[in-house]
Amino acid sequence: MAETAIRSVDIEPLDLPLFEPFGISGGAQAAANNVLLRIGLGDGTTGLGEGAPLPPYNGETQRGTLAALQEARSWLLGREAADWRALGREFGQRTAPGHGAARCALESALLDAVLRQQGVPMVKHFGGAGTEIETDMTVTTGTPAAAAAAARQIRQRGVRTIKVKIGGATTEGDLERIRAVVDVAPGAPLILDGNAGLSRFQASEMAAGLKRLGIAPALLEQWLPKGDLAGMRALGAETGWLIGADESVSTAGEARLVIEQGAAGVINVKLMKRGIAEAEEIVRLARAAGIRLMIGANIESPLGTAVSASFAAGLGGFHFADLDTPQFISRHPFRGGCHFAGGILALSAVGGGHGVEVGEGTIRTN
């Protein structure tokens with residue numbers, strides 16, 4: 001077997017306990033029920049990839065991700081890992097829609113294996129524009145008291161930008177939570193993330209309430225349903241604030257629609273939506289149109305985070321980053337990759353690939 005050919009494909013659940021449930025407008029996740037993929041090459045090199053489905057976000061599940069990767073195992077064996085983009089496209093054609101996390105895991109593991117074999121850091125592969133990126137940290141849904149406590153901890157970590165999940169039971173409740181964050185962290189740039197959970201009326205009500213409080217967010221991220229591009233454009237005109245598209249953009253085709261309709265000034269690029277190659281095309285389209293970029297994530301361990309950080313830091317030019325989820329995970333089996341120092345994720349110590357290794361012991365950790 002050639003040194004670069006795929007000789008093994010190993011898939012297993014990656015269940016990661018959280019310090020507390022991670023809540024968004026669509027629901028809360030008590031644990032990160034992810035998937036670990038190992039790709040072995042002919043010379044013994046192993047690449048690692050993580051699939052992080054998030055049911056409240058897009059309906060993808062661990063069970064579906066495992067099944068999609070298991071189905072791909074037979075036709076992947078013997079193929080050339082260096083053709084990772086083509087293999088990712090083939091995976092997308094062979095599987096039903098809705099397996100973005102699985103495709104991300106596959107492309108990540110293949111690219112990691114190839115780059116480890118070559119001794120090339122992933123951040124350099126993507127362009128080497130930088131070796132670090134600054135992330136925000138998230139205040140999930142909950143009570144005003146919990147929001148204040150979370151904001152206090154975020155400031156103590158040295159993180160500058162705070163993301164607040166909104167779309168709770170009432171607009172007034174969300175405003176109280178936001179006000180509690182501002183009281184604890186005055187002057188911190190705020191990203192308010194609705195995860196497509198607000199109606200147009202609720203969005204207008206929220207914007208009016210924020211203006212009454214004298215709060216001007218740095219970004220309104222996906223307040224409205226993913227298909228309401230006209231509403232997103234109108235919300236930007238109404239508020240004068242920057243609008244971000246997350247759920248509205250999973251593919252390059254959806255990015256074109258957002259750009260053509262002037263719906264958003266920022267696109268949140270998440271590798272878990274459709275994988276690395278599709279994310280590269282979304283970045284290309286956004287840059288050509290003068291749209292700002294955000295790198296985001298589902299609930300990912302240091303493994304998935306290292307890939308996303310390498311992608312964004314290597315390409316450069318990302319105005320926002322939301323790669324904080326390893327800080328919500330209470331236990332995981334990984335070492336290496338990017339290093340957290342406050343809000344800075346540093347990749348300078350990575351030798352080849354994304355640099356993450358699996359420690360001793362079981363992967364199923366809860």
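Pro144, Ala147, Ala148, Ala151 and Arg152 of helix α6 meet Glu176, Arg177, Ala180, Val181 and Val184 of helix α7 (contact: heavy atoms within 4.5 Å). The model is a predicted one, in which local features need pLDDT of at least 70, side-chain atom pairs count only at pLDDT 80 or more, and totals for chains, interfaces and linings use all residues. Residues are numbered from 1 along each chain as its sequence is written, and side-chain values use heavy atoms, with hydrogens and water left out.

**Confidence**
- Mean pLDDT (the predictor's confidence in each residue, from 0 to 100) is 95 for the protein chain. A value of 70 or more is reached by 98% of its residues.

**Helix α6 with helix α7**
- Helices (H or I, at least four residues) and strands (E, at least two) are DSSP runs, numbered from the N terminus.
- α6 spans residues 144-157 and α7 spans residues 171-184. They pack at about 30 degrees, with axes 8 Å apart. Axes are lines fitted to C-alpha atoms, for helices over the stretch in contact; angles run from 0 to 180 degrees between N-to-C directions.
- α6 and α7 are therefore roughly parallel (angles under 35 degrees; over 145 is roughly antiparallel, 65 to 115 roughly perpendicular, the rest oblique).
- Their crossing is right-handed (the near helix is turned clockwise from the far one by less than a right angle; anticlockwise is left-handed).
- The residues of the α6 contact with α7 divide into seven nonpolar, no polar and three charged. Ala, Val, Leu, Ile, Met, Phe, Trp, Tyr, Cys and Pro count as nonpolar, Asp, Glu, Lys and Arg as charged, and the others, Gly among them, as polar.

**Helix α7 with helix α8**
- α8 covers residues 200-213. It packs with α7 at about 35 degrees, with the axes 10 Å apart.
- The crossing of α7 and α8 is right-handed.
- α7 contributes Thr171, Asp174, Leu175, Ile178 and Arg179 to the contact. α8 contributes Gln202, Glu205, Met206, Gly209, Leu210, Arg212 and Leu213.
- By class, the residues of this contact are five nonpolar, three polar and four charged.

**Three-stranded sheet**
- Strands β1, β2 and β3 form an open sheet in the order β1-β2-β3, with antiparallel pairing. Two strands pair if DSSP finds at least two bridges between them.
- β1 and β3 (46-51) are the edge strands, each with a single partner, so one side of each has no neighbour in the sheet.
- From one strand to the next, the twist averages 20 degrees.
- β1 (residues 6-24) and β2 (residues 27-41) share 14 bridges in the antiparallel sense. They form a hairpin with two residues between them.
- Across this pair, Leu14 has Asn34 of β2 as its bridge partner. Helix α2 (residues 62-76) packs on the sheet and touches β1 and β2. The direction of α2 makes about 170 degrees with that of β1.
- Leu16 stands opposite Ala32 in β2.

**Eight-stranded sheet**
- An open sheet of eight strands runs β5-β6-β7-β8-β9-β10-β11-β12, with parallel pairing.
- β5 (137-139) and β12 (320-321) are the edge strands; each has a single partner, so one side of each lacks a neighbour in the sheet.
- β8 (residues 219-221) and β9 (residues 243-245) pair in parallel over two bridges. Glu221 has Gly244 of β9 as its bridge partner.
- Helix α12 (residues 276-289) packs on this sheet, touching β10 (266-269) and β11 (292-295). The direction of α12 makes about 170 degrees with that of β10.
- β10 and β11 run parallel, joined by four bridges.
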